[in-house]
Structures are given as C-alpha cells and as structure tokens.
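Trainee: I would like to learn how to read the features of a model like this one. Please take me through them in turn.

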Amino acid sequence: MRNILIAAMVSLLLSMAGTPLAIRLFARRGYGQNIREEGPSGHYDKRGTPTMGGTVIVIAALIGYFSAHLMTFFSSVSEPPTVSALLVLFLMTGLGLVGFLDDFIKIYKQRSLGLRSGAKALGQLVVGAVFAVLCVQFPNAYDITPAETKLSFLRDFGPSIGLVGFTIWVLFIIVGFSNAVNLTDGLDGLASGATGVVLASYVLIGNWQLRNSCTAALGPNCYVVRDPLDLAVVAAAVLGALVGFLWWNAPPAKIFMGDTGSLALGGVIAGLAFTTRTQLLLVVLAGLPVVITASVMIQVGFFKLTGKRVFRMAPLQHHFELKGWAETTIVVRFWLIAALCAASALGLFYLEWMPRQ
C-alpha cells in the first residue's frame, strides 16, 4: 500500500508541475495542434494549442513507479521492480514512442495526419508482439508467469490457445484499445477522465488479487497472478500522472495529450488486463472507448453499404457536438458513462465473493 501511495503522489506532483513547463516549451517551439477541416467548427479555436502532452504522463508515471521502489531500497524490506510491472511499463513507453513519432510528424509537416497508417500499425504490432512473447516467460518461484496463453475474464479459463494464437490475441487487444483511447481523445479531458477510472479500478483489482492470491492460501476463488501488488503500483503511478495532466487538460484545455498519450494509455490498460488476467473484463471496464470505437465502425460500415450515415459525425462525441451539445456537457456525461462502466465491471469482479443465501 505504501508503494501505491508514493507512486501516485510522486507522479501526480511531477505531472502537475511539469505540464505547465511542457506547455511553455511546446508553445515556444510551435508544437501546436492541427485541426481537421471536416471536424466541428467549434474546434477551430483550438488550433495551435500545444500537443504531445502525453510525454509528461509517460515520464511522470515512470519516475513515480521507480521512486516508490527506490524508497523501499533504503527500508528494511526491499521491494525491487517486478517483471509484470516492467512489461506493462515497456508497453506504455513503446506505444507512447510510436505516438510521439506520429505527433511530431504532424507538427513538422503541419498536417492533421502524421505517420502513415501502415507505419503506425507496424510500430504498434512490433511493440505488442515483444510484449506478448515476453509476458509468457519469467516464471516466479511458484512457476507463475506474467500471463498465460489462455483467455481470461476474472481469471484464466479454457485451454491454451498456443503462443501464436495468444500473440495474435494480444495484438488485437493492444491495437484495439490503443486506437480506442485515441478515438476517445476528441474533446478536452474526455480521454483523460475515461482512462482514469479504468486505472483506478486496476488499483483496486490488484489489491484484491494480492489479498486473495493462490500463493498465500488456496481457495475456490483465489487468483493466479504473478505480481498483483506491483501492477497496482503501476496503475497508481499512471493514474497520478493522468490526474496531474487532467488539471491542465480539462475544458478549456491548455494542452492536448496527442497520440503520445492516447496510445500509451491504451497500452497500459491493455497490459494490465493481460497481467491481471482480466482480458475480457476490460471490454466492460473500458466500456466508453469501446462504444466510441464501435460508433466509428458502424458509421464506416453503414456508409460503405448504403452511402448514408448513422451519426452526423463519428466518433460518437462529435455527433453530439453537431447536435448542439456544449463540449463540457458531453465530456461530463461521457465521464459519468465511463464511471458506470467501471463500476459495472468491478461489480462483476466482486460478484463471486458476495455471500450466497
């Protein structure tokens, strides 16, 4: 618990203090956001707002996590970083780097599109494939690896799908959720708030899995998770950095996270889903990004079939903008939906522990 508090506090303070520095630095260098011409007209006022703020989130989260472990180094009980946590942080940083290249090209070439779609997908696939292969290695003393080549909901279930099948599944989830958070990042503070409730949920999930670990006491509902406490520390570190960033990203945003932040955050929640063995639960937990991604798929598919649109514009948040909803109204209501999705997922997670009459 101490590590969780230290990681969250350090990353929060670094992000809170570091974001204004990033705003001034990026503004001085002209690292401003380009706005799509086909987007809502209200977004034109945001042109030139500093972007790539996700760099602050990633750096603050990394420092927060390692600071928590550094402090235990000087205590009587040293708690070194664990493999599971390092793999999730690798996934976050790797996808953040892909997003950074995308953001930088947008700024350098002064266009709303950065990396070509093929290059961007290749970067996500390479980082995801390395994560997939490594997370089934490194067994601990109980022969538990960070992940298993199985599907999971509240824990692993069913037969192994093999390394190749598991890698394909990992890539599908990683690319899907990193792009889902990217699509959600369309309004000031929307992606920050929606991802924050997911990370807060994983702090609770990691703590509960630690208290009911099969390595401590075998039971019908115990969890076979390699490093549940340290995964909660990762979630807390990223959450702290995200809250500090949200202070400046809330409407009207002084800075945008860009693809640097959205891809990194999507990677974190996907990595936590695999290492806590809650892959399918993430679909409910991160329900808002899932719905927003589905709106894009429905819009594109229906238009190709009929030549007509279901929504005035996709992703879904822009549909409500064009209907006349105020941006803050959309953001707050979507935050509430994200919170309800997270609460529903936690309800499912804890349901099997409820007393039965």
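**Aromatic rings, surface and backbone**

Mentor: Start with tyrosine 65, which counts as buried because its relative accessibility is 0%. Keep in mind that this is a predicted model.

Trainee: How is a pair of aromatic rings described?

Mentor: Two values are used for a pair of aromatic rings: the distance of the centres and the angle of the planes. This structure holds 12 aromatic pairs. In one of them, the ring centres of tyrosine 65 and phenylalanine 66 are 5.1 Å apart and the planes are at 80 degrees, so the pair is edge-to-face. Planes over 60 degrees apart are given that label.

Trainee: Is phenylalanine 66 buried or exposed, or partly exposed?

Mentor: Phenylalanine 66 counts as partly exposed, because its relative accessibility is 38%. Now take phenylalanine 320 and tryptophan 325: their ring centres are 4.4 Å apart and their planes are at 35 degrees, so this pair is tilted. Phenylalanine 320 counts as buried at 17% relative accessibility, while tryptophan 325 counts as partly exposed at 30%.

Trainee: Which charged end sits over the ring of tryptophan 325?

Mentor: That of arginine 333, which lies 4.8 Å from the ring centre.

Trainee: Which residues do ring pairs link into a cluster?

Mentor: The cluster consists of Trp208, Tyr223, Phe349, Tyr350 and Trp353.

Trainee: Let us turn to the surface. Which residues form the nonpolar patch there?

Mentor: The patch is formed by Phe90, Leu122, Val126, Val130, Leu134 and Phe138, and together these residues have about 480 Å² of accessible area. Helix 4, residues 117–134, gives the most to this patch, with 4 residues. Leucine 122 lies in helix 4. At a relative accessible area of 52%, leucine 122 is exposed, because the cut-off for that label is over 50%.

Trainee: Next, the backbone. What phi and what kind of peptide bond do most residues have?

Mentor: Most residues other than glycine have a negative phi, and most peptide bonds are trans. The cases to look for depart from that.

Trainee: Which residue other than glycine has a positive phi?

Mentor: Methionine 52 has a phi near 65 degrees. Its place is in the loop between helix 1 (2–29) and helix 2 (54–73). With 1% relative accessibility, methionine 52 counts as buried. Arginine 277 is not a glycine either, and its phi is positive at about 60 degrees. Arginine 277 is found in the loop between helix 8 and helix 9 (281–285). Why does arginine 277 count as buried? Because its relative accessibility is 2%, and the label needs a value under 20%.

Trainee: Last, how far apart are serine 344 and leucine 281 in sequence and in space?

Mentor: They are 63 residues apart in sequence and 10.0 Å apart in space, C-alpha to C-alpha. Serine 344 lies in helix 12, residues 327–351. At 41% relative accessibility, serine 344 counts as partly exposed.

How values were computed. Residues numbered from 1 in each chain as written. Predicted model: local features only at pLDDT ≥ 70, side-chain atom pairs only at ≥ 80, totals over all residues. Heavy atoms only, no water. Patch = residues over 30% accessible without salt bridge, like charges linked within 9 Å, V, L, I, M, F, W, Y side chains within 5 Å. Areas by Shrake-Rupley, 256 points an atom, 1.4 Å probe, with all protein chains shown as cover. Salt bridge = Lys/Arg side-chain N within 4 Å of Asp/Glu carboxyl O. Helix = DSSP H or I, 4+ residues; strand = E, 2+ residues; numbered from the N terminus. Buried < 20%, exposed > 50% of the residue type's maximum accessible area, 1.4 Å probe, protein only. Phe/Tyr/Trp six-rings, centres within 6.5 Å; stacked < 30°, edge-to-face > 60°. Lys NZ or Arg CZ within 6 Å of the ring centre and 35° of its normal.
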